[in-house]
Amino acid sequence: MERCWLTNQTGAIIRFRPSQVSKLPNRDVDLNIELPDGRVIPGRFHLNPKNPYVAGKLVRRFIQSRVPERGREQVLISTIGRHWRLFEAKPLGKLAGQYGVSKKRAREGRLTGKDVARILKRIDSINVRKGRVEKYNRLLRPAGLRQLVLELMGPTCQVECCDAAESAAKKWDDPAASHSILEVHHIEALAKAEDHSPRNLSVICANHHRLIHGFGPWKIRHNGDDVILTRGPKSLRIVRNLSVLDKANA
């Protein structure tokens, strides 16, 4: 997740800082850009070491429709593969600020695992069940914050031996395809435990997510960071490394 700026100055473009070049494509490339409202438009990334940017006819129209002339607006962007996603930065900062997390880090896409854990712990401290569920739903509703959780705990399905995410990326020749099928899963069901701590979260593919919710009941056993789900003689192992929750999302 990177910061970028929608600028409507000498030209209406999506602009990056020169210091971000190492995290961007190493050549000019055509893109599909998913806007915050879900629309997808074409654009082209231009590798100018002193001024990397994305331009295009529809990119220009989009920026001109929301940024005043000679103005600019900071947003977040997921630069995975050739399908990039734009996310609003202000709602993320406002939401994170309510839970004692740096608004600046949230708006810049630099939330850490500790930040996410702190937000979830604060939510779990709410005594009223309805209020707790509503707060948690608000946490994952902003697509940018959900994306940060996936990036912290991903980027593959954590079910042992599942290569669905890697296969999707290979089939479509684009890493964005792998991220598109990954989801945040609660080990103990929300209706049962209402436990939103990182220990109760995992990242799995959509198929395994639906299998787990629709094919149970499962016996759940923790083995360190791993989780073993058993149904009769069959079992699924979710392999996790929760140490990422102590590291910055650099």
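Which strands do the buried residues of α1 pack against?

Mentor: This is a predicted model, in which local features need pLDDT of at least 70 and side-chain atom pairs count only at pLDDT 80 or more, while totals for chains, interfaces and linings use all residues. Residues are numbered from 1 along each chain as its sequence is written, and side-chain values use heavy atoms, with hydrogens and water left out.

Helix α1 covers residues 57–66, and V59, F62 and I63 are buried in it. Buried means under 20% relative accessible area, exposed over 50%, and partly exposed in between, with a 1.4 Å probe and protein chains only. Helices (H or I, at least four residues) and strands (E, at least two) are DSSP runs, numbered from the N terminus. Seen down the axis of α1, the buried residues fall within an arc of 95°, so they line one face of the helix; the arc is that of the directions from the helix axis to the C-beta atoms. The face turned away from this buried side carries the exposed residues K57 and S65.

As for your question, the buried residues of α1 pack against β1 (2–8), β2 (12–15), β3 (29–34), β4 (40–46), β5 (53–55) and β7 (83–88). Contact here means heavy atoms within 4.5 Å.

One of those strands, β7 (83–88), leads on to another helix. Q147 is found in α6 (residues 143–153) and is buried, at 6% relative accessible area. Leaving aside neighbours within four places in sequence, Q147 is in contact with M1, S78, I80, F87 and H179. Q147 and F87 are 60 residues apart in sequence, yet 9.4 Å apart in space, C-alpha to C-alpha.
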